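Please look through the sequence and the model below before reading on. The report then goes from the whole chain to a few of its parts.

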Amino acid sequence: SCHNFKFWTMFSSRAAASLTQRVSARGFHASARAEARKFFVGGNWKCNGSVSQSEELVSMLNQSTFSKNTEVVICPSQVHLQSVKSTVRTDIAVGAQDCWTGGNGAFTGETSADMLTDMGVSWAIIGHSERRGKGEGDAEVAAKAKYALDKGLSIIACCGEPLESREAGTTNDHVFPQIKAYADAFSKADWDKVVIAYEPIWAIGTGLTATPEQAQDTHAAIREYLGQVAGADVAENTRILYGGSASAKTAPGLSAKEDIDGFLVGGASLKPEFADIINCQDNTASLKPVNIGINGFGRIGRLVMRAAANKPHINIVAVNDPFIPVNYMEYMYKYDTVHGGAGVEISHDEAAGTITVDGKTIKVFGELDPANIKWGDAGADYVVESTGAFTKIEAAAKHMAGGAKKVVISAPSPDAPMFVMGVNSEKYESSMDIVSNASCTTNCLAPLAKVINDEFGLKEGLMTT
């Protein structure tokens with residue numbers, strides 16, 4: 001390790017001196033617009049994860065708190081792409097670990113960018129050192145990246161040097177041709193959908209990480225060269241990630257450097273510390289899963305719970321209904337005349353006053369007065385008011401006495417602003433704490449639509465009030 005770092009330090013000194021000379025000569029300041037480059041963290045799961053492990057990783061991500069100032073992409077194995085894409089929270093993008101140079105056809109074993117975009121995958125890692133180690137050259141890597149870009153994918157374009165190049169002080173001689181191959185293939189507009197991931201191959205999976213100063217030197221050298229081959233504006237705007245086994249411990253120091261715009265994380269992306277890496281710059285402005293309470297466990301209340309079961313970023317944490325005991329809540333949710341079985345495990349605990357749906361315990365209240373429901377104690381920030389009894393703003397506001405922050409009324413309201421998704425939802429403002437999302441027509445239409453769909457099939461439908 002000491003031997004490795006001695007050579008790395010020697011290289012860093014050479015690179016820094018060379019870079020200083022070039023910057024002085026051209027007057028190019030690589031990080032003049034560093035603030036415009038949104039921090040980026042990619043998780044490369046590599047060839048890891050059974051079906052159950054993949055589900056556990058997604059569950060961990062869905063329950064984590066992430067900085068909203070960081071763009072997050074996860075790249076599971078190709079066999080898990082569809083399941084991960086369909087279950088992970090919407091503020092996390094999903095990428096593939098590779099794709100090939102062409103489209104669909106008789107190409108056994110290949111994955112095309114066409115397939116990935118059709119699946120809703122939005123990113124792809126191209127040119128990873130572990131792919132280059134199997135013989136992929138600069139030209140093939142660049143061709144892959146260009147085809148993927150043309151098909152609508154964004155690209156994590158990898159580059160890096162082996163140990164022998166670093167020890168010989170020829171890192172730039174190894175990395176710069178990789179950058180040049182990308183630049184020759186990409187148009188100016190393509191770079192808007194590209195991030196570069198620098199991989200010091202000697203640090204991948206070894207536990208070794210360059211000091212922040214050493215990594216900054218290399219990133220600055222790459223940005224300077226990118227300015228020469230792709231233009232100063234491309235160099236200033238393109239994010240360059242560090243891909244050398246970052247961890248929760250090393251990420252804060254590395255991310256503080258002006259030319260390190262994020263990380264491509266390997267092994268740590270399979271652990272809870274991945275959230276710490278994502279949040280290494282800013283822990284104050286963050287997102288979290290939405291915790292919802294339901295007032296009224298009738299038709300609409302149960303449909304809300306069913307819908308939430310398929311939305312991993314939404315947690316139902318409490319239900320209030322003074323007329324339905326927990327044992328009957330279990331029965332009503334489990335068996336539905338119109339919608340059929342719930343398809344999940346559900347149980348109740350009368351003593352604790354809870355129901356458990358698919359492993360998640362939900363607190364049950366039995367209050368007649370909304371002001372007495374302890375939503376805050378249950379962790380509910382939003383309340384779906386689905387009784388039809390508290391439709392005025394003044395009445396719905398009683399939920400806030402128990403700790404709710406926002407209320408969505410499921411019935412038409414005489415004074416609350418009403419929104420219908422896809423119709424006027426863009427007019428909603430975050431300052432509105434009580435709104436109506438009237439669903440009476442939806443509620444009446446659902447049984448009819450169910451029968452028609454089961455007997456004849458529905459391609460699509462339009463509902464209007």
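How many helices and strands does the protein have? There are 17 helices and 18 strands, where helices (H or I, at least four residues) and strands (E, at least two) are DSSP runs numbered from the N terminus.

## Basis of the report

This is a predicted model, in which local features need pLDDT of at least 70 and side-chain atom pairs count only at pLDDT 80 or more, while totals for chains, interfaces and linings use all residues. Residues are numbered from 1 along each chain as its sequence is written, and side-chain values use heavy atoms, with hydrogens and water left out.

## The protein as a whole

Of the 465 residues in the protein, 48% are buried, meaning under 20% relative accessible area with a 1.4 Å probe and protein chains only. Among contacts (heavy atoms within 4.5 Å) between residues at least 6 apart in sequence, 71% join residues at least 24 apart.

## Helices α6 and α8

Helix α6 (residues 138–150) packs against helix α8 (residues 171–185) at an angle of about 40°, and their axes, which are lines fitted to C-alpha atoms over the stretch in contact with angles running from 0 to 180 degrees between N-to-C directions, are 9 Å apart. This angle makes α6 oblique to α8, because angles under 35 degrees count as roughly parallel, over 145 as roughly antiparallel, 65 to 115 as roughly perpendicular and the rest as oblique.

On the α6 side, the contact is made by Asp138, Val141, Ala142, Ala145 and Lys146, and on the α8 side by Pro177, Gln178, Ala181, Tyr182 and Ala185.

## Helix α14

In helix α14 (residues 326–334), the buried residues are Val326, Met329, Glu330, Met332 and Tyr333. These buried residues of α14 pack against α13 (299–309) and against the strands β12 (314–320), β13 (346–349), β14 (354–357) and β15 (360–365).

Technical notes:
Buried < 20%, exposed > 50% of the residue type's maximum accessible area, 1.4 Å probe, protein only.
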